[in-house]
Amino acid sequence: MPEGKEAAEIKALETKLEALTNKKNHLLTEAEEQAENLDKASKELSDLRIQINETRVQRDAMNEQVKDLKLQRAALKEAGREKIDRARKLRQEAKTVAEKRPSRSKESLQQEVDAIDWRIQTTRLNAEEEKELVAQVKTLESELQVHRKYEQLMQIISSVQTEIRNLKIQNAS
């Protein structure tokens, strides 16, 4: 082969070698950039996985809290229903007792009992008179007891109604 042709062929191969070397260097640089991008993407993915796990833990905690609050609300509602039933029964009982209340006031009955007691203690009485006065006191005391029972029921009803209002407030918050 002639020397000129060989030199041209060598020159062409060197040019091709230089082009391939440049292409290799360019591809290596590009591969490094892609590796960096892959590392960044992997880091972001890892961070997102951590964030997802943290969010799941928070969600689970909130769900547990909601579950507890629902149980509390159900318990408050049940307690409210029980209090309302109790108040209804107490009002019915108070109505029944009110129907049995004597027409005289509690104060009037108490004054009469006190007057009879005073009379028994300060006056000489024969056995028959004393027996009759004791029977009167007993009757008056039973009438007073009806008044006391009614007042006691009304106080309990008021207390239960306050408890019901408090439960409603708790349930609303």
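At what angle do helix α1 and helix α3 pack, and how far apart are their axes?

Author: Keep in mind that this is a predicted model. Helix α1 covers residues 3-100 and helix α3 covers residues 127-172, and the two pack at an angle of about 160° with their axes 9 Å apart. That angle is over 145°, the cut-off for this label, so α1 and α3 count as roughly antiparallel to each other. As for handedness, α1 passes α3 in a left-handed crossing. If you sort the residues of the contact of α1 with α3 by class, you get 17 nonpolar, four polar and nine charged.

Now for the other partner of α3. Helix α2 takes in residues 106-122, and the axes of α2 and α3 come within 9 Å and cross at roughly 155°. So α2 and α3 are also roughly antiparallel to each other, and their crossing is left-handed. On the α2 side, the residues making the contact include Leu109, Val113, Ile116 and Ile120, along with charged ones such as Lys106, Glu112, Asp117 and Arg119. On the α3 side you'll find, among others, Leu133, Val134, Val137, Leu140 and Leu144, plus Glu130, Glu141, Glu143, Arg148 and Glu151. By class, the contact of α2 with α3 has nine nonpolar, three polar and nine charged residues.

Zooming out, the protein has three helices and zero strands, and along the sequence the pattern reads α-α-α. Its radius of gyration is 50 Å, well over the 16 Å that the globule rule gives for 173 residues, so the protein is more spread out than a compact globule. You can see that in the C-alpha trace too, which spans about 170 × 30 × 20 Å along its principal axes. Of the 173 residues, 12% count as buried. As for contacts between residues at least 6 apart in sequence, 81% join residues at least 24 apart.

Note on methods:
Residues numbered from 1 in each chain as written. Predicted model: local features only at pLDDT ≥ 70, side-chain atom pairs only at ≥ 80, totals over all residues. Heavy atoms only, no water. Axes fitted to C-alpha atoms, helices over the stretch in contact; angles between N-to-C directions. Helix = DSSP H or I, 4+ residues; strand = E, 2+ residues; numbered from the N terminus. Parallel < 35°, antiparallel > 145°, perpendicular 65-115°, else oblique. Left-handed = near helix turned anticlockwise from the far one by under 90°. Rg over C-alpha atoms; globule rule 2.2 N^0.38 Å. Buried < 20%, exposed > 50% of the residue type's maximum accessible area, 1.4 Å probe, protein only. Contact = heavy atoms within 4.5 Å.
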